[in-house]
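Work through the exercises below with the sequence and the 3D view at hand. Try each task before reading its solution.

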Amino acid sequence: MIKFKKNINRTLPPVSTASLPDIVFILLFFFMTVTVMKNQNLLVANTLPKATESEKLHKKDRVIEIYVGKPTNDGNNSLGSEPRIQMEDRFISLNEVEDYALQALVKMPEHLRGVATVSLKADVGVKMGIIEDIKKKLRSINLLKINYTTYQGNVFDNLDHSQ
């Protein structure tokens, strides 16, 4: 009969790390393809109003975004508390809306310019007068498709009730 001896000094073989770079590159490629980069810094307060009926915009490549709201001062009171208009990371006046909208339209591919949509993202506290003024400026340059961005749900979930 053969006797089996237990080899106490036996060690486990090292773990092969040859496939680790492949896994890292697959994960890197995955996150690069699914991550959406934020293209604008929000300079205005933007608590969106509540809507009961809404429809999602699926094609973001034909959307021109205009934000309207009170400036987020971040400790700087020089901007005041009146609602301001933001396009492309900067404040603009009402008279500049046409120029900036045309610039955004020119940046689009030519086949999308006829179906461009302006997305107005106005804060819930903004008066309709400034919205109507923006609409008149957009109408003068023949941008007639306007979308009002809203919030699905209860708008008071986002508001601070301590005021």
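The model is predicted: local features need pLDDT of at least 70, side-chain atom pairs count only at pLDDT 80 or more, and totals for chains, interfaces and linings use all residues. Residues are numbered from 1 along each chain as its sequence is written, and side-chain values use heavy atoms, with hydrogens and water left out.

**Exercise 1.** State which pattern the protein chain follows along the sequence.

Solution. Begin with the elements, which are DSSP runs numbered from the N terminus: helices (H or I, at least four residues) and strands (E, at least two). The protein chain has three helices and five strands. Their order is α-β-β-β-α-β-α-β.

**Exercise 2.** Describe how helices α2 and α3 pack.

Solution. Locate α2 at residues 97-107 and α3 at residues 128-140. Their axes (lines fitted to C-alpha atoms over the stretch in contact, with angles from 0 to 180 degrees between N-to-C directions) are 9 Å apart at an angle of about 55 degrees. The two helices are therefore oblique to each other; angles under 35 degrees count as roughly parallel, over 145 as roughly antiparallel, 65 to 115 as roughly perpendicular and the rest as oblique.

**Exercise 3.** Is K121, the salt-bridge partner of E65, buried or exposed?

Solution. A salt bridge needs a side-chain nitrogen of Lys or Arg within 4 Å of a carboxyl oxygen of Asp or Glu. For E65 and K121 the N to O distance is 3.0 Å. The pair joins strand β1 (residues 63-69) to strand β4 (residues 117-122), 56 residues apart. Buried means under 20% relative accessible area, exposed over 50%, partly exposed in between (1.4 Å probe, protein chains only). K121, at 16%, is buried, while E65, at 22%, is partly exposed.
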